[in-house]
Amino acid sequence: MTRECALLLPGVCAALADPRQPGLDDTCLEKLLDWFRSLTWFDATVELVQDNPCLTELITSVLALAEPSPSILSFTLQLAGILASSESRFQHLQQEKLLGRLFGQEGPRGGAAWEDASVRSAWVKGVHSMVHHQPALHFLCSTGGTDVIFTLQGDPSLFVASAASQLLVHMLTFSLEAEASKALGAKDCAWPACAQMIVKHVGESLQSSSASRIQQSLKLLSSLFGSCFGSCYAAWTEVLWLDIAKQIESFLLEETVQAQPVLANLLLNVARSPAFCGTEGSFWALVTSALEHLTPVQAGPLAVGLLKLCKCPQDVRIQALTVLLQPMDCILRAASQPLECAGLLDESVSDPVTVESLLSSKTSCAGLLCQTLAHVEKLLSLKHLRVDLPCVSLLHSLLTILQFCNGFLSPASPLGSTISRNLINCFRVQKSALDVLAALSEKKDCDTLLGSLFDVLLGYLQSPNTSPTVLKKAFQATSKWLVHLLELSSSNRQSQQTEKILEDVFVVLQKRLCSPCWEVRDSSLEFLTAMVKCLRDQKEFRQCLLSSEVLRLTENLLEDPESYVRASAVTAVGHLALITCFAPESPVIGNQYDKESIVAKLQEILSTDSEGFPRRAVISIFTKWLREGCTGQLEDTEQFVSRVIQTVEHDLDWEVRLGGLELVEVFCSQTICQLSQCPYAPVSSAVTSPTPQNELLQVFCRAKLFGFLFGSLCDCDKPVGQRACDVLVGLRGHFYPMSTLENPQEIEDSPAGRGIAWLQRTLRQGSLAQSFPTEGGDGVDFQDPESMMLALGAIDLLELHDELNKSSDHVEESPQSLLQDILAAVGTMEDNEVDCY
């Protein structure tokens, strides 16, 4: 603690304990507690409370109040817990007889203040902070604290109940630390005293007739096995599991509705423990039973969790996959006559009637399918899945679901008709199914269904009933499958089907680009951009693109009334230009005119568009062009960059200015590589001729980079200043190798030196110097190579870098400032009405 804070703290404590003072804002109290946590985190000594007796005086004063406010009492409970987190400070507070009056039987837990949920919550948090050493644990157990925590597990406040459960997990884990080195594993192993109390309570609760007590204990066990307990105390995990396994099994067999939703999570957390690495044993038999007896909605999370476990036995893994895919199997079978389609699965784990009844119900059908599809998508994203997914049948089932949803399929079975009615125009299922469809494009062996797949996708793209959000998903899936299709086409030379599909896609795209709905136009442009990114080197794609009206329609959308659409149009036009304007052999007639026209249109948007999104898109595209070498020879690039930054430096949108700095960074990097002898090493004046350095400086000065960079250091938006400083530090590292910086004192007497000194002073003002004179101030010529070389060498850019990277609240929210603000806030009622935070 600093001396300044130590001087302010007594006044703050006195104000907090004074009932005549107005109440403080809860945010201030939380910040004060955070400060004490940081003070005690690395310092376990007793000096904090000995050197600051005002802390114990505060606790004593609050305890002496007849009716302390709930906020001050809550603050005091948490503060005491934080201070008592070390054994030495705990003993000191015990000698002062304070902890019993706060956390013991004579504390608030028996009074009227306990009715306030914030006080109960603060009591639990205070205890949690305190129990980090054995004396605190013994104190809690000996004063009946564990019974209080057991009761708070069922507190009407969910925050209190959750905190109590977390505290019990912490207490049990902490109480075992002293036993960690002992050899364990026997069934009759003795638990430490505190742990035994908790385990006994859990066992009694599981055998009680109270559904709420059973729920609480199952949640506690789930949290316990899901914490470090399950991984760090494998032997104790096994002992605990043996105590409760029979009871858990009975819940499954009795199908206790209240208990079942928690059982899946509990079993999954136990399965993750190293105690059950073996492939044999009663635990995995119980998991198998759970997969069979839990409802499909309850079993789904358990199944997908088991499939992600590397140590799960293979037969359990296969059973989990079967449970997970059963709704998809049911859909596939319901879509056709009996025996016509084999379905996804050879056999079912649980009764298929259960799944059929859920899919037949309007209320549960969509929920079950969305959950199943989300789980399947998660499995498809895994790089190493230790079980084979039936991808072809899965794709068939997905297409069936999508056809049910848009009414394009007339199922032959009564069950299929019911499911179809439940799913018609169900946007939730459509979006989930399209997400999985996109993920399946990465998998092999689905080529036989490509025709049907694109029929379904084109149906969604063409249908006027497709909602904008579903259309966006359909576009995303289509772009992924088009990449797969063209990869196949190039390998097997069967391009006729590919050309037909591409033509159909572009016909739909042309229509959608003219949609009256701006979300549809926006999604269409995003789809076009995604295709260009992936397929611009494919001959068939380029041919279909250039023979369509897409280029003209996209260019027209640069003037769309909606700014999001204009931004997407800018991005699409920028990527299309890589095919139409900047390709080595551009297929568009009048290439040079088109290139100049496109560049002029984008520059006009950058300088005149009233919204930020299109301008950000332009600067992003210009940077992409520069990276890909599309802006011509060095002289052309220099002029291009100069025009852009002269527009950007006055932009009111900080993200546009930041984009301009990224453009400058790319330009500097490319120019250095072109003009330097070695593109990967800094230029050393002792080894190489100064000519490349001079030429570089001349290029940068002609492009007016330095005025933009130094001016950006004073930008009122910190990310802009930080990026500009990064660029300047990089340039200085190139022009000034190790230990060759200029001495500011030696150059200050020269005219240029005086200008540099002014520049240094101006930069130290930071954002206070926002009206930075980029055309030169006090003799600084930002287009003079010699002056800029001097500036790079003399100005302390690293100091500026450190200042810019400091948190914006490093002064305003320092502990000293916090204490001063609290004192100011409690000074008068009028002042307190203004929340300084």
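Serine 86 sits in the loop that links α5 (70-83) to α6 (87-95), where helices (H or I, at least four residues) and strands (E, at least two) are DSSP runs numbered from the N terminus. Serine 86 is buried, its relative accessible area being 7%; buried stands for under 20% relative accessible area, exposed for over 50%, and partly exposed for what lies in between (1.4 Å probe, protein chains only). Once its neighbours within four places in sequence are set aside, serine 86 is in contact with Ala44 and His133, contact being defined as heavy atoms within 4.5 Å. The model is predicted, so that local features need pLDDT of at least 70 and side-chain atom pairs count only at pLDDT 80 or more, while totals for chains, interfaces and linings use all residues. Residues are numbered from 1 along each chain as its sequence is written, and side-chain values use heavy atoms, with hydrogens and water left out.

**The chain as a whole**

- The chain contains 44 helices and 0 strands, and buried residues account for 52% of its 837 residues.
- Of the contacts in the chain between residues at least 6 apart in sequence, 72% join residues that are at least 24 apart.

**Packing of α2 and α43**

- Helix α2 (residues 26-41) packs with helix α43 (residues 815-825) at an angle of about 145°, and their axes are 11 Å apart; the axes are lines fitted to C-alpha atoms, for helices over the stretch in contact, and the angles run from 0 to 180 degrees between N-to-C directions.
- The crossing of α2 and α43 is left-handed, a term used if the near helix is turned anticlockwise from the far one by less than a right angle, with right-handed used if it is turned clockwise.
- On the α2 side the contact is made by Cys28, Lys31, Leu32 and Trp35, and on the α43 side by Pro815, Leu818, Leu819 and Ile822.
- Sorted by class, this contact of α2 with α43 has 7 nonpolar, no polar and 1 charged residues, where Ala, Val, Leu, Ile, Met, Phe, Trp, Tyr, Cys and Pro count as nonpolar, Asp, Glu, Lys and Arg as charged, and the others, Gly among them, as polar.

- Helix α13 (residues 211-226) has 16 residues and reaches 22 Å from its first C-alpha to its last, close to the 22 Å expected at 1.5 Å a residue; the expected span is 1.5 Å times one less than the number of residues in the helix.
- The buried residues of α13 include Ile214, Gln216, Ser217, Leu218 and Leu220.
- Helix α16 (residues 260-271) has 12 residues that should span 16 Å at 1.5 Å a residue, and its end C-alpha atoms are 17 Å apart, which agrees.
- Helix α16 is mostly covered, with 10 of its 12 residues buried, and what covers these buried residues includes α13, α15 (234-254), α17 (282-293) and α18 (296-307).
- The 16 residues of helix α33 (residues 612-627) should span 22 Å at 1.5 Å a residue, which agrees with the 23 Å between its end C-alpha atoms.
- Among the buried residues of α33 are Gly612, Pro614, Arg615, Phe622 and Trp625, and the helix is followed by glycine 629, whose phi is positive, near 70°.

**Lysines with positive phi**

- Lysine 97, although not a glycine, has a positive phi of about 55°; this residue lies in the loop between α6 and α7 (99-103) and is exposed, with a relative accessible area of 63%.
- Lysine 704, also not a glycine, has a positive phi of about 60°; this residue is found in the loop between α36 (691-702) and α37 (705-712) and is partly exposed, with a relative accessible area of 31%.

**Serines and their partners in space**

- Serine 162 lies in helix α11 (residues 158-175) and counts as partly exposed at 35% relative accessibility; serine 162 and glutamine 216 are 54 residues apart in sequence and 9.8 Å apart in space, C-alpha to C-alpha.
- Serine 381 is found in the loop between α21 (362-380) and α22 (391-406) and counts as exposed at 54% relative accessibility; serine 381 and glutamate 442 are 61 residues apart in sequence and 9.4 Å apart in space, C-alpha to C-alpha.

**Cysteines**

- The count of disulfides comes to 0, a disulfide being a pair of cysteine sulfur atoms within 2.5 Å.
- Cysteine 13 counts as buried at 4% relative accessibility, and its sulfur is 3.9 Å from the closest cysteine sulfur, that of cysteine 54, which is too far for a bond.
- Cysteine 673 counts as partly exposed at 35% relative accessibility.
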